[in-house]
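Here is a short report for a reader new to this structure. Please look through the sequence and the model before reading on.

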Amino acid sequence: MGRGKIEIKKIENPTNRQVTYSKRRTGIMKKAKELTVLCDAEVSIIMFSSTGKFSEYCSPSTDTKKIFDRYQQVSGINLWSAQYERMQNNLNHLKQINRNLRREIRQRMGEDLDGMDIEELRGLEQNLDEALKVVRNRKVRTQSSTAYLLQYLFYS
């Protein structure tokens with residue numbers, strides 16, 4: 001008795017869909033292993049279920065990166081260019097932030113002020129005044145805490 005043909009469409013019942021996925025995943029993994037052993041093929045399978053669960057198989061003689069690299073070479077498609085470009089853009093952005101922060105530090109130290117106009121110098125002055133207030137407040141609090149501690153130690 002042969003198997004009946006089924007219509008290939010999404011299984012609406014979530015329980016049935018999960019059971020079918022699990023059985024077919026097991027079957028495709030078995031077929032991949034058989035291809036590797038019987039035909040000396042290099043096979044890599046990556047699957048994500050509808051719930052996001054990850055499954056993979058890769059032939060023992062290779063790894064997934066080598067498979068992707070061979071795919072790129074044969075197909076002429078560069079799989080990594082978009083990711084590389086995003087990483088380059090992110091790196092350039094972080095370098096610019098680093099340069100700006102270093103310039104700001106130098107300016108707060110009184111260096112690298114030649115190219116600044118009057119508004120930038122006023123802004124720097126305000127920033128330094130605010131920072132000075134914070135330092136003075138912290139100093140006063142520390143002195144008060146120290147004095148309180150000393151009184152406590154001497155009069156206890």
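Arg-122 counts as partly exposed, because its relative accessibility is 44%. The model shown here is predicted. Arg-122 forms a salt bridge with Glu-119, and their closest N and O atoms are 3.2 Å apart. Both residues lie in helix α4, which covers residues 118-155. They are three residues apart, about one turn of the helix. Glu-119 has a relative accessibility of 52%, so Glu-119 counts as exposed.

Side chains of opposite charge can pair when their charged atoms come close. The count of salt bridges in this model comes to five. Two others among them are described next.

Which residue forms a salt bridge with Asp-69? Lys-65 does, with the closest N and O atoms 2.8 Å apart. Asp-69 and Lys-65 are separated by about one helical turn, because they are four residues apart in helix α2. Asp-69 is partly exposed, with a relative accessible area of 28%. Lys-65 is at 52% relative accessibility and counts as exposed.

Glu-42 and Arg-70 also meet through their side chains in a salt bridge, at 2.5 Å from N to O. Glu-42 lies in the loop between α1 and β1, while Arg-70 lies in helix α2 (residues 64-75), so this pair ties together parts that are 28 residues apart in sequence. Glu-42 counts as partly exposed at 37% relative accessibility. Arg-70 counts as partly exposed too, at 48%.

Thr-36 sits in helix α1, which covers residues 14-39. Is Thr-36 buried or exposed? Its relative accessibility is 11%, so Thr-36 counts as buried.

What does Thr-36 touch, leaving aside residues up to four places away in sequence? The list is Ala-41, Val-43, Tyr-57, Ser-59 and Pro-60. With Tyr-57 there is also a polar contact: the two side chains meet at 3.3 Å.

Tyr-57 belongs to strand β2, which covers residues 54-58. In a regular strand the side chains alternate between the two faces of the sheet. Strand β2 has a covered face and an uncovered one. Ser-55 and Tyr-57 are on the covered face. Phe-54, Glu-56 and Cys-58 are on the uncovered face.

How do β1 and β2 run? They run antiparallel, and five bridges join them. Phe-48 has Phe-54 in β2 as its bridge partner. Five residues lie between the strands of this hairpin. Gly-52, in the hairpin, takes a positive phi near 95°.

## Along the chain

The UniProt record, an unreviewed entry, annotates residues 77-138 as a "coiled-coil region". In the model, the chain over residues 77-138 is 79% helix and 0% strand. The end C-alpha atoms of this stretch are 60 Å apart.

Gln-151 is placed in helix α4. Its relative accessible area is 47%, so Gln-151 is partly exposed. How far is Gln-151 from Pro-60, C-alpha to C-alpha? These atoms are separated by 74 Å, and the two residues are 91 residues apart along the chain. Pro-60 is also one of the residues that Thr-36 touches.

Terms used
Residues numbered from 1 in each chain as written. Predicted model: local features only at pLDDT ≥ 70, side-chain atom pairs only at ≥ 80, totals over all residues. Heavy atoms only, no water. Helix = DSSP H or I, 4+ residues; strand = E, 2+ residues; numbered from the N terminus. Buried < 20%, exposed > 50% of the residue type's maximum accessible area, 1.4 Å probe, protein only. Polar contact = N/O pair within 3.5 Å; in protein donor to acceptor, adjacent residues only side chain to side chain. Contact = heavy atoms within 4.5 Å. Salt bridge = Lys/Arg side-chain N within 4 Å of Asp/Glu carboxyl O. UniProt positions renumbered as here; feature names shortened; annotations may be inferred. Pairing = 2+ DSSP bridges.
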